[in-house]
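Here is my note on the model you sent. Keep the structure open as you read, and find each residue as it comes up.

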Amino acid sequence: MGEILIRSIFLAIALAMDAFAVSLSNGLKEPNMSKIKMIAICFSFGFFQLLMPFIGYLCGHAIIKYIVKFIPYIALILLLFLGIKMIIEGIKKNDKEEKEIRNITFTIVILQSIATSIDALSTGLTFSNYTINQALICVSIIGIITFIICIFGFYLGKKTGVLFANKADIIGGVILIIIGLDIFLKGIIG
């Protein structure tokens, strides 16, 4: 069981990096976000990072082998869409709009959560030989660690977001596009 815990922790850290970067981007975009909203968004990231590998575990090799080749494309499309949208918003912004609160909507959070966790779907295959209890422990660790790492990303983004308030949307959009390209290239190249 100790080996499973250690493996789960390292796997969780690796899987959480995309969600961390998006949390950083969200903190840049909305530096005055309330703690409750920030925690809810981080919970969403953690939940989807927990859910996707568990779905992969449940599906096993039967279904996932048909879906896995499309995962990099789905993540790329979602993150490109969100990133380009943020860049356009940042470019269009004028002085009046800059004074308004920039809001991250529920729809954007769900799309970000799916996009950053969809690559974890195939991770569930790596522990397909675990018992259901071992799999639940593994995915729980992934979810909890993702949540914690995202909280850190938000705080870092909020602190730097105040410094880069005028360019936060553009920087955040570029970060999302880079993450999308990274997931895509890793999925295509191997």
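1. Start with one term. A residue is called buried when its relative accessible area is under 20%, and exposed when that value is over 50%. Now take Ser-23. Its relative accessible area is 0%, so Ser-23 is buried. This serine sits in helix 1, which covers residues 2-29. What does Ser-23 touch, once neighbours within four places in sequence are left aside? The contacts are Phe-45, Cys-150, Gly-153 and Phe-154.

2. Keep in mind that this is a predicted model. The protein chain has an average pLDDT of 82, and 87% of the residues reach at least 70. One stretch needs care: over residues 95-101 the pLDDT falls below 50. Beyond near neighbours in sequence, that stretch makes four contacts in the model. Where pLDDT is low, the predicted coordinates should not be read in detail.

3. Next, the overall layout. The protein chain has seven helices and zero strands. Read along the sequence, the pattern is α-α-α-α-α-α-α. The chain has 190 residues, and 48% of them count as buried. Now look at contacts in the chain with a separation of 6 or more: 94% of them join residues 24 or more positions apart.

4. Now the aromatic rings. How many aromatic pairs are there? The count is five. One of them joins Phe-20 and Phe-152, and this pair is stacked. The ring centres are 6.0 Å apart, with 15 degrees between the planes. The pair links distant parts of the chain: Phe-20 is in helix 1, while Phe-152 is in helix 6 (residues 132-163), 132 residues apart. Phe-152 has 53%, so Phe-152 counts as exposed.

5. Another stacked pair is Phe-54 with Tyr-57. Phe-54 is buried, with a relative accessible area of 18%. Tyr-57 is buried too, at 13% relative accessibility.

6. Look also for a group of rings. Phe-43, Phe-47 and Phe-48 are linked by ring pairs into a cluster.

7. Helix 5 is worth checking for length. This helix covers residues 106-117, twelve residues in total. From the first C-alpha to the last, helix 5 reaches 16 Å. That is close to the 16 Å expected at 1.5 Å a residue. Which residues of helix 5 are buried? They are Ile-108, Val-109, Gln-112, Ser-113, Ala-115, Thr-116 and Ser-117.

8. Last, look at Lys-158 in helix 6. Lys-158 is buried yet has no salt bridge. Where is the nearest side chain of opposite charge? It belongs to Glu-30, 8.3 Å away. A salt bridge needs a side-chain nitrogen of Lys or Arg within 4 Å of a carboxyl oxygen of Asp or Glu. Leaving aside neighbours within four places in sequence, Lys-158 is in contact with Gly-27, Leu-28, Glu-30, Pro-31, Met-33 and Met-38.

How values were computed: Residues numbered from 1 in each chain as written. Predicted model: local features only at pLDDT ≥ 70, side-chain atom pairs only at ≥ 80, totals over all residues. Heavy atoms only, no water. Helix = DSSP H or I, 4+ residues; strand = E, 2+ residues; numbered from the N terminus. Buried < 20%, exposed > 50% of the residue type's maximum accessible area, 1.4 Å probe, protein only. Contact = heavy atoms within 4.5 Å. Phe/Tyr/Trp six-rings, centres within 6.5 Å; stacked < 30°, edge-to-face > 60°. pLDDT = per-residue confidence, 0-100. Expected span 1.5 Å × (residues − 1). Lys, Arg positive; Asp, Glu negative; His and termini not counted.
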